[in-house]
Amino acid sequence: MARTPTRTRTAPPQPLRRLTAALLFAAGGQAAPALAESELTGAALALHMGCYNCHRTPARHDAPTFERMAAHYEKLRGQEGAAAKEAEHLRRGEPFRRIVAHEQLSPETATKLMQWLIDGAKPASAGG
Ligand code: HEC
């Protein structure tokens, strides 16, 4: 019976270790309170949640741009509960492909993001 050689555990690559250390420090140190998901809205929240990785202009991974999605969802503007309903669809991957970035959203965050889209997906710096 051939014995499989014991694999030496490989340490995580250096940048990852540094990031982990930074995160641990941030969590334990409580220096500057990082902005939490719950405190962010609109474009800042979309940026924080990584949505722009795919939905920026020009978009990647055949994702529609936020501009296009805003045009698509405009018809729901002012409709009570529309954002929450669309948020559920997004999280469940219906009727779209299953995308982790969508599925891992909390209902609250997904609803906020959908409301932002329905309201026109304005960039954070747009002054009106
Ligand atoms: C890994 C790339 C990726 C990331 C990250 C991503 N998306 Fe998507 N998203 C897609 C793709 C691809 C589609 C199109 C799916 C399809 O056509 O089946 C899509 C579709 C959508 C749609 C439906 C658009 C429509 O017109 O039907 C919404 C809404 C959406 N994404 C919102 C978000 C939000 C909000 C985030 C941030 C939490 C996000 N996405 C992050 C790739 C991504």
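Pro58 lies in the loop between α3 (52-55) and α4 (66-73), where helices (H or I, at least four residues) and strands (E, at least two) are DSSP runs, numbered from the N terminus. The peptide bond that joins Thr57 to Pro58 is cis, with omega near -10 degrees. The structure is a predicted model, in which local features need pLDDT of at least 70, side-chain atom pairs count only at pLDDT 80 or more, and totals for chains, interfaces and linings use all residues. Residues are numbered from 1 along each chain as its sequence is written.

The protein chain contains seven helices and zero strands, in the order α-α-α-α-α-α-α along the sequence. Of its 128 residues, 16% are buried; a residue is buried if 20 or more other C-beta atoms lie within 10 Å of its own, exposed if 12 or fewer, and partly exposed in between, with C-beta atoms placed from the backbone. Two residues are in contact if their C-beta atoms, placed from the backbone, lie within 7 Å. Of the contacts between residues at least 6 apart in sequence, 61% join residues at least 24 apart.

Confidence is given as pLDDT, the predictor's confidence in each residue, from 0 to 100. The average pLDDT of the protein chain is 80, and 69% of the residues score at least 70.

The largest nonpolar core has 16 residues, and Ala110, Leu113, Met114 and Leu117 have the most contacts inside it. A nonpolar core is here a set of buried Ala, Val, Leu, Ile, Met, Phe, Trp, Tyr and Cys residues joined through C-beta atoms within 7 Å. Helices α4, α5 (82-92) and α7 each supply at least two residues of this core, and the largest share, six residues, comes from α7. In soluble globular proteins, nonpolar side chains tend to be buried together.

Helix α7 has twelve residues and reaches 16 Å from its first C-alpha to its last, close to the 16 Å expected at 1.5 Å a residue; the expected span of a helix is 1.5 Å times one less than its number of residues. Its buried residues are Ala110, Thr111, Lys112, Leu113, Met114, Trp116, Leu117 and Ile118, and they pack against α2 (42-48), α4 and α5. Leu113 touches Leu45, Ala46 and Cys51, when residues up to four places away in sequence are not counted. After α7 comes Gly120, with a positive phi near 110 degrees. Ala121, in the segment after α7, also has a positive phi, near 50 degrees, in a residue other than glycine. Ala121 counts as buried because 22 other C-beta atoms lie within 10 Å.

In helix α5, the buried residues are Ala83, Glu86, Ala87 and Leu90. These residues lie on the same side of α5, because they cover an arc of only 110 degrees around the axis, the arc being that of the directions from the helix axis to the C-beta atoms. An α-helix has 3.6 residues a turn, so residues three or four places apart point the same way. The cover over the buried residues of α5 includes α4, α6 (100-103) and α7. Gly93 follows α5 and has a positive phi, near 75 degrees.

Tyr52 is found in helix α3. With 17 C-beta neighbours inside 10 Å, Tyr52 is partly exposed. Its contacts, leaving aside neighbours within four places in sequence, are with Ala46 and Leu47. Tyr52 and Ala63 are eleven residues apart in sequence, and their C-alpha atoms are 10.0 Å apart in space. Ala63 is in the loop between α3 and α4 and is partly exposed, with 19 other C-beta atoms within 10 Å. Beyond its neighbours within four places in sequence, Ala63 is in contact with Cys54 and His55.

Ala36 is placed in the loop between α1 and α2. Ala36 is classed as exposed because 8 other C-beta atoms lie within 10 Å. A distance of 9.2 Å separates the C-alpha atoms of Ala36 and His48, which are twelve residues apart along the chain.
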